[in-house]
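Please read the following note beside the sequence and the model. The points are numbered for reference.

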Amino acid sequence: MSLIIRVIVNALALWAAVFLIDGIDVTTQDTAGQIMVYLAVGVIFGVVNAIIKPIVKTVGCLFYALTLGLIGLVVNALLLLLTNWVAGLFDLPFHIEGFWPAFWGALVISIVSWLFSMFLPDGDDG
């Protein structure tokens, strides 16, 4: 159940990024198609973050320390661009037009995900 909740939170965070940031687009016309794209990209984003992010954090630990964690914003933007690339492999109509939309989109996704995590159970409860 926790995995389904994470996918839904990712999908909602991606929706917020598409809504707020110019340069991040989902190009489907119908609502059901949009929901499916957001859920599919949410799964891809979750897998990318689960596999790649720990490796990058371990390898780049010194850079995280030197920049007081600010390099994490760049890493998140690059992970979102990687998600965009993988979504393209699956012919999903999710597009990011460059680094800066990815940077601001990753920031929006992080904030929205954090806000949702405050109100959702983390799985450690009884």
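1. G88 is found in helix α4, where helices are DSSP runs of H or I with at least four residues, strands are runs of E with at least two, and both are numbered from the N terminus. With a relative accessibility of 39%, G88 counts as partly exposed; buried means under 20% relative accessible area, exposed means over 50%, and partly exposed lies in between, using a 1.4 Å probe and protein chains only. The C-alpha atoms of G88 and V47 are 15 Å apart, and 41 residues separate the two along the chain.

2. The model is predicted: local features need pLDDT of at least 70, side-chain atom pairs count only at pLDDT 80 or more, and totals for chains, interfaces and linings use all residues. Residues are numbered from 1 along each chain as its sequence is written, and side-chain values use heavy atoms, with hydrogens and water left out. The pLDDT, which is the predictor's confidence in each residue from 0 to 100, averages 90 over the chain, and 95% of the residues score at least 70. Confidence is lowest in α3, with a mean of 86, and highest in β2, at 96.

3. Which residues have the most contacts inside the largest nonpolar core? They are L14, I24, V41, L80, F94 and I109, in a core of 31 residues. Two or more residues of this core come from each of α1 (2-20), β1 (24-26), α2 (31-59), α4, β2 and α5 (99-119). A nonpolar core here is a set of buried Ala, Val, Leu, Ile, Met, Phe, Trp, Tyr and Cys residues joined through side-chain atoms within 4.5 Å.

4. I24 deserves a separate entry. Leaving aside neighbours within four places in sequence, I24 is in contact (heavy atoms within 4.5 Å) with A17, V18, F94, H95, I96, P101 and G105.

5. Two packed helices are described by the angle between their axes and the distance between the axes. For α4 and α5 the angle is about 105 degrees and the axes are 8 Å apart; axes are lines fitted to C-alpha atoms, for helices over the stretch in contact, and angles run from 0 to 180 degrees between N-to-C directions. The two helices are therefore roughly perpendicular to each other, given that 65 to 115 degrees counts as roughly perpendicular, under 35 as roughly parallel, over 145 as roughly antiparallel and the rest as oblique. On the α4 side the contact is made by L73, V74, N76, A77, L78, L80 and L81, and on the α5 side by F99, A102, F103, G105, A106, L107, I109 and S110. These residues divide into 12 nonpolar, 3 polar and no charged, where Ala, Val, Leu, Ile, Met, Phe, Trp, Tyr, Cys and Pro count as nonpolar, Asp, Glu, Lys and Arg as charged, and the others, Gly among them, as polar.

6. How do α1 and α2 pack, and at what angle? Their axes are 8 Å apart and the angle is about 110 degrees, which means that α1 is roughly perpendicular to α2. In α1, the residues V7, I8, N10, A11, L14, W15 and V18 meet Y38, L39, V41, G42, V43, F45 and G46 in α2. The contact of α1 with α2 comprises 11 nonpolar residues, 3 polar and no charged.

7. K53 is in helix α2 and counts as partly exposed because its relative accessibility is 23%. Not counting residues up to four places away in sequence, K53 touches V48, N76 and L79.

8. I5 lies in helix α1 and is partly exposed, at a relative accessible area of 29%. The C-alpha atoms of I5 and L120 are separated by 8.7 Å, although the two are 115 residues apart along the chain.

9. L68, in the loop between α3 (61-66) and α4 (71-89), has a phi near 55 degrees, a positive value in a residue other than glycine. L68 counts as exposed, at 79% relative accessibility. D91, in the loop between α4 and β2 (94-96), also has a positive phi near 55 degrees and is a residue other than glycine. At 69% relative accessibility, D91 counts as exposed.
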